[in-house]
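Thank you all for coming. I would like to take a few minutes to walk through one structure, so please have a look at the sequence and the coordinates while I talk.

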Amino acid sequence: MPITITMPALSPTMTEGKLANWQVKEGDSVASGDVLAEIETDKATMEVEAVDEGIVGKILVDGGTENVAVNTPIALLLEEGEDASALDTVSAAAPAPAAAPVEETQVAVTPEAPASPAPAAQTAPDGKRVFSSPLARRIAADAGLDIASISGTGPRGRIVKADVEQYIASGGAKAAPTPVTDTGAAATTAPAPAASATPPHAGEHEEIPLNGMRKTIAKRLTEAKQTIPHFYLTIECELDNLLAMRKELNSRSDEYKISVNDFIIRASALALKKLPAANAIWGGDKILQYKDIDISVAVAVDGGLITPVVRGADQKGLAGISNEMKDLAGKAKEGKLMPEEYQGGCFSISNLGMFGIKEFSAVINPPQSAILAVGAGEQRPVVKDGALAMATVMSVTLSCDHRVIDGAVGAELLQYFKGYIEEPLTMML
Amino acid sequence: MSDTSFDLVVIGTGPGGYVAAIRAAQLGLKTAVVEREHFGGICLNWGCIPTKALLRTAEVYRNIQHATSYGIKVEKASVDLEATVKRSRQVAAQLSGGISGLLKKNKVSVFEGQGKLAGSGKVSVEKDGKTTSLASKHIILATGARARTLPGLEPDGKFVWSYKEALVPDTTPKKLLVVGSGAIGIEFASFFNEIGSDVTVVEVMDRVLPVEDAEISAFAERAFKKQGMTIKKGTTVTDLKKSATTVTASFKDAKGKVTTDSFDRVIMAVGIVGNVENLGLEGTKVKVDRTHIEVDEYSRTGEPGVYAIGDLTGPPWLAHKASHEGVICVEKIAGVKDVHPLNTSNIPGCTYCHPQVASVGLTEEAAKAAGHDVKVGRFPFIGNGKAIALGEPEGLIKSVFNAKTGELLGAHMIGAEVTELIQGFGIAKTLETTELELMHTVFPHPTLSEMMHESVLDAFDKVIHI
């Protein structure tokens, strides 16, 4: 049966876009990775790549068409051995079961939509029974998900409603993997680590099934360390002025309670505003420099972590950032974040200061290009005017993607950051 | 001197405590229970079971009164209250003895007396001024709950009864006032109404059985009124004045209008409160929120090694909830794999008044309020062959589904034997079936259960028999 190619969503909020032009015509043979068409949104123009090889059987939406709704079938691809008569079997209006492949492609070419769990392991195709509740299967089918890609937490690992909802909430729905797309996905992203690469140790152990979040963490952070050339820059910032100002601000109203982390979010945003070159991500054959300054903040949750995004953080005051962060962290802990609340951003903050960690270096959260690892603020001896003095000092380490941010750029960013932190009044400007 | 060191000590042997103790013993934990009164707790001795025995008498009497409609001639049937109560007590005693046997069979040590925490990993048991000290790695508090009292309306045990006096009545009151129309109040109202009392029920909410689906509440109210009960909704009792032989109650309705009426007896059934006192909680990290102990999904309190289950931890106040919590708590302690917290939306509730009421999950109103786009199915007893053959044509089965996902959100029933039917929907909810599996299930004919099937079919416009 021909593969239906649908209008991809280039961002979590995109509902429609312009199909700018076709790079192929009916009858063309395409291979996985070939550019099929260009899609324009208000933000950017993106290429749609083929995930499967085949022959372009029919173009359903002409180039230049505006306002094409996401998931509308735009073309049919004939698989090897199929001829044009197979096209009759596909009704263009029918819901496209192959919607997922193109979404998968979109994940590959659209760095602003973070990659989502696309577990390499499929249990269904090998004929093994997937234990799941009827309700879980219904909800998964409605969301276009393959039930086999979800881990079950019910009795004996049965997949239940809560598992599917958790999977969707953790962004799983954005990249519904189907057996057909696996090859394509593998071609454009790092190969998933083989589960059986190292034999497990002998001895008594408990087998803990992976939930959607754990799979996402495993896949994306492995991808980050394997594909992103990381380098690390550490700087020390004195906090005494900031702490005094925080105390003063918090004493003035009960409507907010600003944390040191809220200052760090604002200082990072303002530093990125001064240095737009750092507010960018790697786009394969280009660098995408963003206008909006969205800051992701890592929040530890039961069973993993998630990075809700404070959008336009440079435009927001400390109280605004603080209240928004409280709201996002609360939702994160309850597993209620919507995809648009944790997707996007170029820059992350990970703070382990509350655990007494002095300094550490963090793994970049793809497709972002930098992450700031924040240590504890502690009293340390410092030399001031040639004499020994005490100050509250915090070490921060910036991990940078060298493809986007060079050493000097990263260093400059940290200098701006340090300036804001040490003279917090300048943050008020 | 008997052994006083255990893996688990359970304080209280109600349906939460004794089930937890037996499960723990099965899992190899060295287990003891502490009980100050009767094995089986309120449920077996002063609650679920003896009331069912009384209500059975009422049912048999009702059927005898309608005997002619079944083609049987019966003359001068009457209720012997003393014999009725005696039977009820015998049933309770038999079952309580059974618990004792079960504990023994499972080698659970038994300590009689008042148990309380006595420092980390310690329980003290006091009986007749003597104190025994037990050491235990884990301690489960399962001390249950008691009737809530309202200031000025406290039971005196003579004219104003709590559930306890109502279970061993000295007389069939000519005129009876029942304050509270929850499960406890309505069951007593139903019993005394059927054996001849003139019953008035007062409910502060705007409907009887307020936790049930509004449609079921309305159905129940119509049935009770038809049986001769007086129902005062949106009304509070402001005062009970006792004279030598009667109690004069003052009522205030929603509009503030005050009326009075006299009764022979009053039953107070205005909810229950947890037995959180005298448990040695002072100085521990066990948190008490008003009248119940706060616990997490595995019944853990704030104090390491101390757990609480059942009525003591708050609503729903149901024996089967307590038992399940006990099992989950113990399995978690014993390190059993694959233990899951109790899903409270899958706990059925039953009321054994006439007609019976049973439900599980969300009411239609609650489902809508939770944002579900719902499909609701209904099937009346009058359309069911078995119900007609039984001479029980009054009742309704209602099912509530999520229109999009087909999730069974709730089921609500009123009518003969519905308390025995509700488990079918309980299984369906636990297994997360959708309407399709319920439709594909073959229900045997002729049974009352066919109405469950028809109710599901009705929700999706496929009902056959209406």
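In chain A of this predicted model, strands S1(A) and S8(A) pair in the antiparallel sense, and the pairing runs over 4 bridges. One pair of partners that you can pick out here is A:Thr6, whose bridge partner in S8(A) is A:Pro73. Strand S8(A), residues 73-78, is also joined by 4 bridges to strand S6(A), residues 54-59, and these two again run antiparallel. On that side, A:Val56 has A:Leu77 of S8(A) as its bridge partner.

If we step back to the sheet as a whole, we see an open sheet of 4 strands in the order S1-S8-S6-S3, with antiparallel pairing. Strands S1 (3-6) and S3 (29-30) of chain A stand at the edges with a single partner strand each, so one side of each is left without a neighbour in the sheet. How much of S8(A) is buried? This strand is mostly covered, with 6 of its 6 residues counted as buried.

Let me turn now to where the two chains meet, a contact to which chain A contributes 11 residues and chain B contributes 11 residues. On the side of chain A that touches chain B, helix H2, residues 134-142, gives the most, with 6 residues. By class, that side of chain A divides into 6 nonpolar residues, 1 polar residue and 4 charged ones.

Next, the helix packing in chain B, where I will follow helix H3(B), residues 48-65, through two of its contacts. With helix H4(B), residues 81-105, the axes come within 8 Å and cross at roughly 145°, and the crossing is right-handed. From H3(B), the residues that make this contact are B:Ile49, B:Pro50, B:Ala53, B:Leu54 and B:Thr57, while H4(B) brings residues including B:Arg87, B:Val91 and B:Leu95. The residues of this contact divide into 7 nonpolar, 3 polar and 2 charged.

With helix H6(B), residues 183-194, H3(B) packs at an angle of about 35°, and the axes are 9 Å apart; here the crossing is left-handed. Among the H3(B) residues in this contact are B:Leu54, B:Leu55, B:Tyr61 and B:Arg62, and H6(B) supplies B:Glu187, B:Ser190, B:Phe191 and B:Glu194. The classes in this case come to 5 nonpolar, 2 polar and 3 charged residues.

I would like to finish with some backbone details in the loops of chain B. In the loop between H3 and H4 of chain B sits B:Lys76, which has a positive phi of about 55° although it is not a glycine. B:Leu209, in the loop between strand S10 (198-202) and helix H7 (214-226) of chain B, likewise has a positive phi, near 45°, and is a residue other than glycine. Are these residues buried or exposed? B:Lys76 counts as exposed because it has 4 C-beta neighbours inside 10 Å, whereas B:Leu209, with 27 such neighbours inside 10 Å, counts as buried.

The bond from B:Pro315 to B:Pro316 is cis, with omega near -5°, and B:Pro316 lies in the loop between strand S19 (306-308) and helix H8 (319-333) of chain B. The bond from B:His445 to B:Pro446 is cis as well, with omega near -5°, and B:Pro446 is found in the loop between helix H12 (435-440) and helix H13 (450-459) of chain B.

Terms used:
Residues are numbered from 1 along each chain as its sequence is written. Chains are lettered from A and ligands numbered from 1 in the order in which they are written. This is a predicted model: local features need pLDDT of at least 70, side-chain atom pairs count only at pLDDT 80 or more; totals for chains, interfaces and linings use all residues. Two residues are in contact if their C-beta atoms, placed from the backbone, lie within 7 Å. Ala, Val, Leu, Ile, Met, Phe, Trp, Tyr, Cys and Pro count as nonpolar, Asp, Glu, Lys and Arg as charged, and the others, Gly among them, as polar. Axes are lines fitted to C-alpha atoms, for helices over the stretch in contact, and angles run from 0 to 180 degrees between N-to-C directions. A crossing is left-handed if the near helix is turned anticlockwise from the far one by less than a right angle, and right-handed if clockwise. Two strands pair if DSSP finds at least two bridges between them. A residue is buried if 20 or more other C-beta atoms lie within 10 Å of its own, exposed if 12 or fewer, and partly exposed in between; C-beta atoms are placed from the backbone.
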